[in-house]
Amino acid sequence: MNVLVVSLSLSLSLCLLVCLFLTSTAAEPWPETATLYQPLKEDQILLSDCASSLAVQAYLRMCGLPVQVAYRANAEYMSPSGKIPFIHVGNQVVSELGPIVQFTKAKGHSLSDGLDDIQRAEMKAYMELVNNMLLTAELYIQWCDDATAAEISRPRYSSPYSWPLSNILAYQKQWEVRRKMNAIGWGGKTLEQVYEDVSQCCQALSQRLGTQPFFFNKQPTELDALVFGHLFTILTTRLTSTELAERIKSYSNLLSFCRRIEQTYFEDKTS
Amino acid sequence: MGTVHAKSLDPLPMHGRDLGVNPDDLVEPPEMEHEAKQEILENKDVVVQHVNIQGLGRTKEDLLGYEISDVFHAKNLIDVMKKAHVARQKLLRLGIFKEVEVLIDTSDGTDALPNGLDVTFEVTEIKRLTGSYNTMVGNNEGSMVLGLKLPNMLGRAEKLTFQFSYGTKETSYGLSFFKPQPGHFERNLTLNMYKVTGQFPWSSLKETDRGMSAEVNFPLGMTNHTLKWEGVWRELGCLARSASFAVREESGHSLKSALSVQCLWGVCFALQELAGYTGGDASFLKEDFELQLNRRLFWDSVLSASLWGGMLYPLGGQPSCIADRFYLGGPTSVRGFGMYSIGPQSEGDYLGGEAYWAGGLHLYTPLPFRPGKGGFGDLFRTHFFLNAGNLCNLNYGDGPRAHLQKLAECIRWSYGAGIVLRLGNIARLELNYCVPMGVQSGDRYTVFL
């Protein structure tokens, strides 16, 4: 009996603490000066970073949270996790879509509240699919394909720096990405296999989307933001070959999905 | 020095009755001879015919010719001894000999002059490879330092040094090559390659420098000049997640390629550095000077006055980098304030400034009542000080009058007293009671230092 009372009081105080914590972080409203940082748009940013950044921007617009975009050559090194993009809100710095979604949820803004548990699990699964397939394919094409690396990725990545630092940093990044690809088993793949993987991923997404406006009901979720970010960037970025864009264009509902989100949330944006 | 045999045994005269030999009779004439010879040697002109160096292994002889050439110009014996001593000092300062012994002897051989001398330097060369191993503990980090030195590598007093430090947090290493000009040891060339990491908790910043430098030292009249080119790849990062955003904005890589000129003239030291014109991202002109005067007063006390100042002028319209700016504060500059904790700051992280000046007036006296005099007590001194300084960013659009005005407002200063313990040339411990004045918002200060 005593043990029960003690455990009950402990759990109550714990709940109180958690509530206090949540209310304290949620207490601050979303400031006007919230800023999103990414590498320089014209000369420096690469496909994968651009896709991630666009996904976060789409998500924040869907939540109705205003954010300014700032361009810095050292954005990658400023980020606490080393990944683009990151947002500076008040005096907090949060990077990548997953943690940013958690952060906005703590502030009381969420897009996936209306989903039940099964749908939420499904959403998480599809987000993992996009991250593991689309994002990895983008990294592979950028850094493991010699033609793209030499013509596009290395010159762009090293553009803010002077020689010989530019060469050192570009090759360092290339080795790092190639090591990561080998570690996850993509090192042995050919470009054709990667294109096939992208096609399969798009097919799964296309099937899930069907004729609906968004992936879940009529409301957008973070999955919509993520898919939009990646597909739109692939369709609008010039690479050494147009094969990747063509594969996506073969799924017409994905194309109209991208166009719809661009018109709804980015109509003031000139792309 | 050759032995002078003062005695010469003449056959004893056979006297009849005077059989007892008076020892004074026998000794006196030789003494007179000895004294006469001494006088002669001092004033006598000598000619140094040969100067030899024995014990050379890998050292090349042409290097040493310059150091010992002066001995040939000696005119008398005392002069020979003096010049030989000076030559010995010169040979030792090359850093290639463990010991040098001098032997002066009369010359012999077919071409020996009656007043000729031979001077021989017997040298012991340092080993080809020396190593050292230390462990260091400090600042929450332990490290193992391994040093390798190759003195006199190619026979002309070149020196190659390698140092490697392996710590719990960081690793750093450096390779250095030193070559003096034969005959003019003060003119030398040093080439360096290094990787150094540093942590600066007052700015929540950590810095990794990988670079190389080439410097040339030469004396010019009374001053010693150094010309240096340095190329450094700098990587800056936040030391903690709680670093301020201003420091976070400085994270990343940059390349600095700078030429600098350093002058050392007695009590005055000046440095000018120009970056950006030989490549690299950083572009600035930096000036720094230091002046120190010491004067001994009555009762074994010493009055010391020092003045430092500097300015950083960014070129090319880019803002200056946190790694290039000046920092002020702490037990080495303005006592009473935290380490490098004066000046512009953001959320508790000190960002440094582009212009500064600092001055100090110190009086060192022996301890009152002189306890332990002549022994341990002499290592302690009482210390009265007055420090002042200012660190700020200048608006380079305004004129020099506005700059002086800005440096003169908001001066931080402090005064106090304490005890200093000097442990040879290794360390200096101070315990002071400080009264910081002129503290501006954002500065960190302490009372006991």
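A: This is a predicted model. The contact draws 19 residues from chain A and 13 residues from chain B.

Q: What makes up the area buried between chain A and chain B?
A: It is about 1,300 Å², and carbon and sulfur atoms give 61% of it. On the chain A side, A:Tyr77, A:Met78 and A:Leu165 supply 34% of the area buried against chain B, more than any other three residues.

Q: Why is the meeting of A:Arg72 and B:Glu249 called a salt bridge?
A: The side chains come to 2.7 Å, N to O. The rule asks for a side-chain nitrogen of Lys or Arg within 4 Å of a carboxyl oxygen of Asp or Glu. The pair A:Arg72 and B:Glu249 therefore qualifies.

Q: Which element gives the largest share of the side of chain A that touches chain B?
A: α7(A), with four residues. That side divides into 13 nonpolar, five polar and one charged.

Q: What makes β3(A) and β4(A) paired strands?
A: Four bridges join them, and they run antiparallel. Pairing needs at least two bridges, so β3(A) and β4(A) pass. A:Ile87 has A:Val94 in β4(A) as its bridge partner.

Q: Why are β2 and β4 of chain A at the edges?
A: The open sheet has the order β2-β1-β3-β4. β2 (68-71) and β4 (92-95) each have a single partner strand, so one side of each lacks a neighbour in the sheet. The twist averages 25 degrees from one strand to the next.

Technical notes. Residues are numbered from 1 along each chain as its sequence is written. Chains are lettered from A and ligands numbered from 1 in the order in which they are written. This is a predicted model: local features need pLDDT of at least 70, side-chain atom pairs count only at pLDDT 80 or more; totals for chains, interfaces and linings use all residues. Side-chain values use heavy atoms; hydrogens and water are left out. Contact means heavy atoms within 4.5 Å. Buried area is the accessible area (1.4 Å probe) that two parts lose on being put together, summed over both. Ala, Val, Leu, Ile, Met, Phe, Trp, Tyr, Cys and Pro count as nonpolar, Asp, Glu, Lys and Arg as charged, and the others, Gly among them, as polar. Axes are lines fitted to C-alpha atoms, for helices over the stretch in contact, and angles run from 0 to 180 degrees between N-to-C directions.
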